[in-house]
Amino acid sequence: MQEIIKLLETNKKGVEEAAIRETEQKLNVCFPDQYVQLFKLANGPEVGEWSLFPIKDSKNLKKTWDDVVRQNKEVLTDVISEDLIAIAGNGTGDYLCLKVEGGKADDPIFLWLHETDETEQLAPTLKDFIIIAQEELEDFDED
């Protein structure tokens, strides 16, 4: 994951594992390892057009108040399927999600479309999604 952070060119600080585990308890989910590793390095980074929801950090409450728990427990309650955890938004009403089965979030990254309530798999893992998103951003910059 360390090499992926270089791709993101972010200066956001990571969050302690205890805060990640507390978030998992509040959402009643176990995050995939790549998600945990990313957030230990950068809390709430931007990936292409997507802003990953931060993990609430007591050392930085001002910038982490609109966290992944708030998004899923307040903003998106009764909006997206219960087997999805929204991890990022792009400002259009669509969300990046993880599918949850038996309290464990799987690796694949899904796009939830607000207009149709449909999901489609974008990438097999978070790392793959970041690589794809950065490549798309570079292609866009070249045009």
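## Cysteines

Cysteine 97 is buried, with a relative accessible area of 0%. Here buried means under 20% relative accessible area, exposed over 50%, and partly exposed in between, with a 1.4 Å probe and protein chains only. Cysteine 30 is partly exposed at 34% relative accessibility. Cysteine 97 takes part in no disulfide, and the nearest cysteine sulfur, that of cysteine 30, is 18 Å away. A disulfide is taken as a pair of cysteine sulfur atoms within 2.5 Å, and by this rule the count is zero.

## Basis of the values

This is a predicted model, in which local features need pLDDT of at least 70 and side-chain atom pairs count only at pLDDT 80 or more, while totals for chains, interfaces and linings use all residues. Residues are numbered from 1 along each chain as its sequence is written, and side-chain values use heavy atoms, with hydrogens and water left out.

## Salt bridges

A search of the whole structure finds eight salt bridges, each defined as a side-chain nitrogen of Lys or Arg within 4 Å of a carboxyl oxygen of Asp or Glu. Among them is the pair of lysine 12 and glutamate 46, with the closest N and O atoms 3.5 Å apart. This pair links distant parts of the chain, 34 residues apart: lysine 12 is in the loop between α1 (2–8) and α2 (17–27), and glutamate 46 is in strand β1 (residues 46–47). Helices (H or I, at least four residues) and strands (E, at least two) are DSSP runs, numbered from the N terminus. Lysine 12 is partly exposed at 33%, and glutamate 46 is partly exposed at 42%.

Glutamate 16 and lysine 59 also meet through their side chains, at 2.3 Å from N to O. They too link distant parts of the chain: glutamate 16 is in the loop between α1 and α2, and lysine 59 is in the loop between β2 (50–52) and α4 (61–64), 43 residues apart. Glutamate 16 is partly exposed at 48%, whereas lysine 59 is exposed at 63%.

## A linked network

Lysine 40 and glutamate 17 form a salt bridge of 2.7 Å, N to O. The two residues are 23 apart in the chain, with lysine 40 in helix α3 (residues 33–41) and glutamate 17 in helix α2. Lysine 40 has a relative accessible area of 31% and glutamate 17 one of 33%, and both count as partly exposed. A network of salt bridges links Glu17, Arg21, Glu24 and Lys40.

## Negative patch

Asp33, Asp78, Glu82, Asp83, Glu101, Asp106 and Asp107 gather in a patch of negative charge on the surface. Patches are made of residues with over 30% relative accessible area and no salt bridge, like charges being joined within 9 Å. Accessible areas come from the Shrake-Rupley method with a 1.4 Å probe. Asp and Glu count as negative, and the place of a charge is CG of Asp or CD of Glu. Aspartate 107 lies in the loop between β5 (104–105) and β6 (109–113) and is partly exposed at 35%.

## Positive phi angles

Aspartate 78, another member of the patch, has a positive phi of about 65° although it is not a glycine. Aspartate 78 is found in the loop between α5 (68–75) and β3 (84–89), and it is exposed at 78%. Asparagine 28 has a positive phi of about 55° and is likewise not a glycine. Asparagine 28 lies in the loop between α2 and α3 and is exposed at 64%.

Technical notes
Patches are made of residues with over 30% relative accessible area and no salt bridge: like charges are joined within 9 Å, nonpolar side chains (Val, Leu, Ile, Met, Phe, Trp, Tyr) within 5 Å.
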